[in-house]
Amino acid sequence: MDLEFRTARREDVPVIVAMINDDPITASRPASPGEPDYHAAFEAVDADPRNELIVVESGGEIVGTMQLTYIPGLSRRGGERAQIEGVRVAVPHRNRGIGREMMRWAVGRAGERGCALVQLTSDKARTEAHRFYGSLGFTASHEGFKLAL
């Protein structure tokens, strides 16, 4: 499958949001008060040089998305780290190797930028995703904690 990776555009937001929401874990999360302003969130990500919202196209159709955030820090001897978030492949295109190519691309992008580490989090219920990330060389080295506000 021929894949093209590019920076997301404002007009891609509805497709990206549909992929994010087409997920049982996401659907089970409690809604925040008020109507989500996805376009404002897109504008903030798009304006931030430490964030990249990526879409993956095949034959002119968006088949995947992910966000890369570059985090500077003093740990890891001052090395920047890349956080991969919101990895989604559209339902009709799953199990075709797109996710694997997306992760290879993201790791390559982080390497080009000179990152010392690539990291991601995955909901504990996503056991298949954990096996997938492990097959790519990621290790479950830390326990994560979150506090909803």
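## Aromatic contacts in a predicted model

Arg 113 lies over the face of Tyr 70, at 4.0 Å from the ring centre, where a charge sits over a ring if NZ of Lys or CZ of Arg is within 6 Å of the ring centre and within 35 degrees of the ring normal. The model is predicted, and local features need pLDDT of at least 70, side-chain atom pairs count only at pLDDT 80 or more, and totals for chains, interfaces and linings use all residues. Residues are numbered from 1 along each chain as its sequence is written, and side-chain values rest on heavy atoms, with hydrogens and water left out.

Searching the whole structure gives three aromatic pairs; rings of Phe, Tyr and Trp (its six-membered ring) pair if their centres lie within 6.5 Å, and planes under 30 degrees apart count as stacked, over 60 as edge-to-face and the rest as tilted.

Because Phe 5 belongs to strand 1 (residues 4–7) and Trp 105 to helix 4 (residues 98–113), their pair ties together parts that are 100 residues apart in sequence; helices (H or I, at least four residues) and strands (E, at least two) are DSSP runs, numbered from the N terminus.

Phe 5 is partly exposed at 21% relative accessibility, and Trp 105 is partly exposed at 23%, given that buried means under 20% relative accessible area, exposed over 50%, and partly exposed in between (1.4 Å probe, protein chains only). Phe 132 is partly exposed at 23%, whereas Tyr 133 is buried at 13%. Phe 132 and Tyr 133 also form one aromatic cluster with Phe 138.
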